[in-house]
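Dear colleague,

Please find the structure below for your study. Some notes on two of its residues follow.

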Amino acid sequence: MATTYPVPQAPTVSSTGTRHLTPDSILTTAQVRSRWGRAPRANADGVDEATGLLRVSRGAWVSVALWESLPPWARSLARHYAVDKTSPQPPVFCLASAALLWRLPVLKVPPKPQVTSGNGGGRRRTARPVVGKVWLWLRSLGGGVFAAL
């Protein structure tokens, strides 16, 4: 019999008024520049001490206090939001990353966002758009399960 795992839900504003992660919690470098009047500069730990922001990925920042309060799966979700906000074209998330964003149960939180390039790996110089269904392969204790989204 397969074990079911709870589906992680995105944090929301709690009744105690604590701050939680939303896509708007991630700031781009341009947003930081407009709010603080200068581009953020990360130290060796990835923190801009003048603004209290942590670099989540290239060109994406989040409050250090918020980051430290997040569980590992929510930190991974923040990295996914960061990729989405900083990509020049909308990214196509795949594998465990797609499952995480669809709030499907995953056995292991992806350490980095998994994104397809849209390029079939051939000799094309421009990425072709991904058309059709996105297929996820989810591992469970009983074997593989395919889900079309």
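Is T51 buried or exposed? T51 is buried, because its relative accessible area is 14%; buried means under 20% relative accessible area, exposed over 50%, and partly exposed in between, with a 1.4 Å probe and protein chains only.

Please note that this is a predicted model, in which local features need pLDDT of at least 70 and side-chain atom pairs count only at pLDDT 80 or more, while totals for chains, interfaces and linings use all residues. Residues are numbered from 1 along each chain as its sequence is written, and side-chain values use heavy atoms, with hydrogens and water left out.

T51 is located in the loop between β2 (47-48) and β3 (53-57); strands are DSSP runs of E with at least two residues, helices are runs of H or I with at least four, and both are numbered from the N terminus. The side chains of T51 and D48 form a polar contact of 3.1 Å. A polar contact is a pair of N or O atoms within 3.5 Å; within protein, one must be able to donate a hydrogen and the other to accept it, and residues adjacent in sequence count only if both atoms are side-chain atoms. The T51 side chain also reaches the backbone nitrogen of L53 at 3.4 Å.

The second residue, T86, belongs to helix α3 (residues 72-86). T86 counts as partly exposed because its relative accessibility is 31%. Its side chain reaches the backbone oxygen of A82 at 2.8 Å.

Yours sincerely
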